[in-house]
Amino acid sequence: MIENENFSTDCINVLYCGDKNIEDGLVLSVLSLLRHTAEPLHIFVMTMDLTLDQRRISPVSRETVRYLDSYVKRQNSGSSVTRIDATELFRAEPPQANLETRFTPCCMLRLFADQVPQLPDRILYLDNDVVCRQDCSAFYHQDMEGYELAGVLDYYGRWVFRSRPLHMDYVNSGVLLLNLARIRETGLFARCRAMCRDKQMFMPDQSAINKLARDKKLWGRAYNEQRKLHQNTVFQHFTTSFRFFPWIHTLTVKPWQIEQVHKKLKIHEYDDIFQEYTDVTTAMKGYLL
């Protein structure tokens, strides 16, 4: 079920997927896009309402989406935020082999995008821990003729996972420009769903996409910076990274953990967006009461 279908096709289309737990990141990521995008934004949020083996998956709320929709329209009347209930799609093809892994079922919602006919032929998928730092229009409007998707090599996985020796092609799935028209033709996501149903994998959706995609277009790390902020960074993806001082350890800091972003990552680049995020979430709480 898709809600709020009144939108212009002359805009940048963006897709987020997840349950209620993505709401903080969703708000912050959307605000960052608003800061750096001149064109209208048409944002889709795929979510679901489901109980799996006594695990409750609560959806992104309608109220949150309505508030965001009204907020983006204040910036540009052509913008919108649309909620898509993918519950029945997921029930019809659950990723059975990967339901008990550490990766939540909602991670795999993006693999159902080809099943939603209202979604446009070109859409930018973003994880909720991705922050836009500069104009992304060059990435969005690139020529996708003959390609299923465009993305950036995974910072760590490129060294480990390869389709053939000496060939780096393992893409991080947190920022993907999807050519849904091509994906529907090739059946890429249908094959990915079948693979997630039958084979348990590490990072199942990302692994399936990399294993089965026939036509991937690679861009530089500026469009999915997973390690360290650089001057040319367009999208910063706050993933788990390794640190080697004073001991070898992993570090996970999400952008909505503002104090930790300042303290552990030493990043103040987004303080203006953080302030807007604080104001918006405070106002949203009053709206939702």
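Q: Lys 266, buried or exposed?
A: Lys 266 is exposed, at a relative accessible area of 63%. Exposed means over 50% relative accessible area, buried under 20%, and partly exposed in between, using a 1.4 Å probe on protein chains only.

Q: What kind of model is this?
A: It is a predicted model, where local features need pLDDT of at least 70, side-chain atom pairs count only at pLDDT 80 or more, and totals for chains, interfaces and linings use all residues. Residues are numbered from 1 along each chain as its sequence is written, and side-chain values use heavy atoms, leaving out hydrogens and water.

Q: Back to Lys 266. Where is it found?
A: In the loop between helix H9 (258–263) and helix H10 (271–288). Helices (H or I, at least four residues) and strands (E, at least two) are DSSP runs numbered from the N terminus.

Q: What is the phi of Lys 266?
A: Near 60°, which is positive, in a residue other than glycine. Most residues other than glycine have a negative phi.

Q: Which loop holds Met 203?
A: The loop between H7 and H8. Met 203 also has a positive phi, about 50°, and is not a glycine.

Q: Step back. How many helices and strands are in the protein chain?
A: The protein chain has 10 helices and 13 strands. It has 289 residues, and 54% of them count as buried.

Q: What share of the contacts comes from residues 24 or more positions apart?
A: 73%, among contacts with a separation of 6 or more. Contact means heavy atoms within 4.5 Å.

Q: Now H7 and H8. How do their axes cross?
A: Helix H7 (residues 188–198) and helix H8 (residues 204–212) have axes that come within 9 Å and cross at roughly 130°. That makes H7 oblique to H8. Axes are lines fitted to C-alpha atoms, for helices over the stretch in contact, and angles run from 0 to 180 degrees between N-to-C directions. Under 35 degrees counts as roughly parallel, over 145 as roughly antiparallel, 65 to 115 as roughly perpendicular, and the rest as oblique.

Q: Which residues of H7 and H8 make the contact?
A: From H7, Leu 188, Phe 189, Arg 191, Cys 192, Met 195 and Cys 196. From H8, Pro 204, Asp 205, Ala 208, Ile 209, Lys 211 and Leu 212.

Q: Which residues of H7 are buried?
A: Leu 188, Phe 189, Cys 192, Arg 193, Met 195 and Cys 196. Down the axis of H7 they fall within an arc of 160°, so they line one face of the helix. The arc is that of the directions from the helix axis to the C-beta atoms.

Q: What covers the buried residues of H7?
A: The cover includes strand E8 (149–153), strand E9 (171–179), helix H6 (180–186) and H8.

Q: And how many residues of H8 are buried?
A: 7 of the 9, so H8 is largely enclosed by the rest of the structure. They are Pro 204, Asp 205, Gln 206, Ser 207, Ala 208, Ile 209 and Asn 210. Their cover includes E8, E9, H7 and strand E10 (216–219).

Q: What does Arg 197 contact?
A: Leaving aside neighbours within four places in sequence, Arg 197 contacts Pro 94, Pro 95, Gln 96 and Ala 97. Arg 197 sits in helix H7 and is partly exposed, at a relative accessible area of 40%. Arg 197 and Ala 97 are 100 residues apart in sequence, yet 5.1 Å apart in space, C-alpha to C-alpha.

Q: New spot: where does Phe 90 lie?
A: In helix H3 (residues 87–92). Phe 90 is buried, with a relative accessible area of 0%. Beyond four places in sequence, the residues it touches include Met 48, Leu 50, Pro 105 and Phe 112.

Q: Last one. How do the axes of H1 and H2 cross?
A: At roughly 10°, coming within 11 Å, for helix H1 (residues 23–36) and helix H2 (residues 62–75). H1 and H2 are therefore roughly parallel to each other. By class, their contact has 8 nonpolar, 2 polar and 1 charged residues.

Conventions:
Ala, Val, Leu, Ile, Met, Phe, Trp, Tyr, Cys and Pro count as nonpolar, Asp, Glu, Lys and Arg as charged, and the others, Gly among them, as polar.
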